[in-house]
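Subject: Structure handover

Hello,

Here is the structure you are taking over. Please open it first, then read the notes below.

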Amino acid sequence: MFRRGTFGPGRTSHSHRGLIFGNPGRHLSIFHNSLLSDAINYYIYGAGGVNNQESLKPNVTSPTTDGSSGTTPPKEEISSGNTLPRPDPNKILSVVGVDLQVSVNAKDHHTGDYEICKSKTTPMLVVRRGQPFTISVDFSKEYDAQQDDLRLVFEAGDSPAANKGTSVDFILSDDDKPKEWGAKIQSQKGNSLTITVFTPPTCLVGKWTLKLDVVKKENTSVNIYRYQHKDAIYILFNPWCKDDDVYLDNERLLGEYVLNEKGGIYSGSDRSISFKPWNFGQFESCVLDCAMYLLDICELNWSVRGNPVLVVRKLSALVNSSDDNGVLAGNWSSNYAGGRSPLSWTGSSAILEKYWKTKSPVKYGQCWVFSGLSTTLCRTLGIPARCVTNFESAHDSDGSVSVDYFKVMNTWKADCDSVWNFHVWNEAWLSRPDLPAGYGGWQAFDATPQETSDGVYCCGPASVRAIREGRIELPYDGPFIFAEVNADKVYWSQDNVGKLQCVDLNCNAIGKHISTKAVDSNEREDLSDHYKPKEGSQAERVVVRNAYSSGSKREISNLYKATSNDIEFKVNQDQEHTFVGDNFVLSLTMKNNGDKDRTVSGQVDVHSMYYTGVVADEVKRSPFNNLVIKPKQEVSQVITVTQEEYFKKLKDFCMLDVSVWALVQETNQHFIKKGDYRLRKPHLQIQSPKEAKVGEEIKVEVSFINPLNTSLTNCFIIVDGLAHSLKFRQSNVNPNSTFTNTVPISPTKEGKTEIILNFNSDELQDINVAHAITVRSV
């Protein structure tokens, strides 16, 4: 087959502007030198194809803003042309075949359970982004790095384009650049190359095509011999990759929330909870293809298909059929003519198979079916997900963040609000870099079409922790989800002048036994404490008041309004001078600026935290109760966290998350403060010459003081900048002792540069220093 078109610098290679081909140690800028005068010939073939050829003059235009020529890339339609014999294999390197090594890669990428990977006829490659995979390429003759220019091209979507991130091309290179596309030779045997391909942890999720270009300059022509592999490569989110926004650092949780195909969903009432087994079937038959199809037909721009937050939000719209001709039609009428009763479904795969065949909404579903489908679609795309059931679940239709009952002719009516016996939604594990630090982790989203959000029937994702703290202003749809779990029932009546007044308040009727299936068992795990503090506690009342004041659309009530704000709160912490190993000391000062006694209760919570903002382990919880503050008096609550309390719970970047809340009993004044603090690591000292010569060994001494009351084990130093990266194993470092060592380095690069040293151990990582040095030639 022949596909025709011009090919120019408008299509940008991974690491170079313009079309730059080459190999380690030798780069050719073929097109920059010949584009305006030379003809470009394409020989495009597939797994067994003879190719067609046509000579084309490129369309010459003014340079684009990125410095490229703006020529038109090859069109993807098949063109007529004269059939030519395959190029002489003794002269022209051509691709005979490509082995995607599906079984090996699937094992490494935790994708071996996908049925499309196990097909006996056409196994498909499914990999996770941010993790290398291996392919083997057979050529017509032996590959010669000094003579043959080989480039890999990956494309996705109907109209691949570099500016959308859907067209990526790069040459073989020994440079393994982190978090970028690339490829390098792993081994060579005869006419075969084994190539390692690298994808970035932000790679767009979808089906990609692989093409390999061999480029030859002959007289005034550039000949491109393009092999297009017949099978797509599926690239998914990667919760095993630390740099992916769906990263989950727990193998048991990954096994449950990504790899487990079987599970269950809770239903019933808060006094009679039942478990409904469910087959999620995320690896079955067409499920992955169906998920890819849904992303293709929606209006989600390809450029954000690597953003799991927006993908989850779009999935919450695509699972229901209310807007986007999605998968499942809802029906709460008890009349299911023309479809199936929602109660009859036992899993997701049967629904998705039917949708895949018809491309029309399947009838019918209710909340647990929408939730089961959402879990399946997230897991098949690589996003950790689970079903969550809330009993006595509020449906706040007017944005008041409460369930409002109005007295009409001596009868209490809920207007448009309602309370469901149970409602099922989902949680997805996302780091949420779009939110303030600390609000990553489980995110609630809901595919059941209840209310519109941004004009579409979708909901979330909303940080579960933000819901717990009443931070409902954070995206997405916090007020609605907060009301589902923690709304108050408010009873209103008109006074004699027609003004609404609250006559009764039920604060503990909504949000009971919030449930999900436990990890590795069919036992119920109660998540209520994840969504709100203990019902009726002072902390819970503070959260409700905070949510009401910041997110309610109701303007007629002072229900949660403080009668006075005469207590001045301030949180103090000397982050600049707090190092790993020191006590972490934080104080909450409270000054009474009024003229009456005030009684304050509250709590300070300290957790360890990942750098992505996901809160990890509880370190310390320090409540205080009924603290009386006299007029004009200032008092402080001091919280001290010792090394012994925090050290074993610290994560890579030694960060602590601190949440503070306080309530003034007499006035209902409330205070909520959240912050993240990083414990500083010790300084790495260096003694090194300021100058060195290429090939002549120098000695570099490094030292630091171990600040911990425990030994540092499995220690090593990485040295970079003067030569290839070097690793030096070190002995253990005793508690509170000084580490000193000298490492030998022979520079291989001349010029003004920096020597970079990085000390690591199991207990402390990334203690580093950089030192300027000039390397001269001999």
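A residue is called buried at under 20% relative accessible area, exposed at over 50%, and partly exposed in between, with a 1.4 Å probe and protein chains only. By that rule H423 is buried, with a relative accessible area of 0%.

Some ground rules. This is a predicted model, where local features need pLDDT of at least 70 and side-chain atom pairs count only at pLDDT 80 or more, while totals for chains, interfaces and linings use all residues. Residues are numbered from 1 along each chain as its sequence is written, and side-chain values use heavy atoms, with hydrogens and water left out.

Overall picture

The protein has 778 residues, and 54% of them count as buried. Its secondary structure comes to 12 helices and 43 strands. Helices (H or I, at least four residues) and strands (E, at least two) are DSSP runs, numbered from the N terminus. A contact means heavy atoms within 4.5 Å. Among contacts with a separation of 6 or more, 68% join residues 24 or more positions apart.

The annotated active site

Which residues does the UniProt annotation "active site" cover? The unreviewed entry gives C367, H423 and D446. The three are spread over 80 residues of sequence but cluster in space, with a largest C-alpha distance of 9.9 Å. UniProt positions use the numbering used here, feature names are shortened, and annotations may be inferred rather than shown by experiment.

C367 is found in helix α7, residues 367-381. At 3% relative accessibility, C367 is buried. Setting aside residues up to four places away in sequence, C367 touches W332, W420, F422, H423, V424 and T448.

H423 lies in strand β22, residues 418-430. Beyond four places in sequence, H423 is in contact with C367, V388, T389, N390, S393, D446, T448, Q450 and E484. That list includes both C367 and D446 from the annotation.

The annotated binding site

UniProt, again in an unreviewed entry, places the feature "binding site" at N486, D488, E535 and E540. These residues span 55 residues in sequence, yet no two of their C-alpha atoms are more than 11.3 Å apart, so they gather at one spot.

N486 is in helix α9. N486 is buried, at 1% relative accessible area. Leaving out neighbours within four places in sequence, N486 contacts I510, K532, E535, E540, V543 and V544.

D488 sits in strand β25, residues 488-494. D488 is buried too, at 1% relative accessibility.

How covered is helix α9? This helix (residues 478-486) is mostly covered, with 8 of its 9 residues buried. Among the buried ones are E484, which is in the list for α9 and in contact with H423, and N486.

Cysteines

How many disulfides does a search of the whole structure find? The search finds 0, a disulfide being a pair of cysteine sulfur atoms within 2.5 Å. C459 is in no disulfide, and its nearest cysteine sulfur, that of C458, is 7.4 Å away. C459 is buried at 7% relative accessible area. C715 is buried as well, at 1%.

Cavities and a pocket

On a 1 Å grid over the protein atoms alone, a cavity is a set of points where a 1.4 Å probe fits but cannot get out, and a pocket is an open set with protein on both sides within 12 Å along at least five of seven lines; lining residues have an atom within 4 Å of a point. Grid points are joined across faces, edges and corners, and a volume is the space filled by probe spheres set on the points.

The whole structure holds 2 cavities of 30 Å³ or more. The largest cavity has about 100 Å³ of space. Of its 16 lining residues, G264, F280, C387, T516 and K517 are the closest to its centre. Strand β15 gives the largest share of that lining, 5 residues.

The second largest pocket has a volume of about 440 Å³. It is lined by 22 residues, and A156, G157, D158, K207 and W302 are the closest to its centre. Helix α4 gives the most to this lining, with 5 residues.

Best wishes
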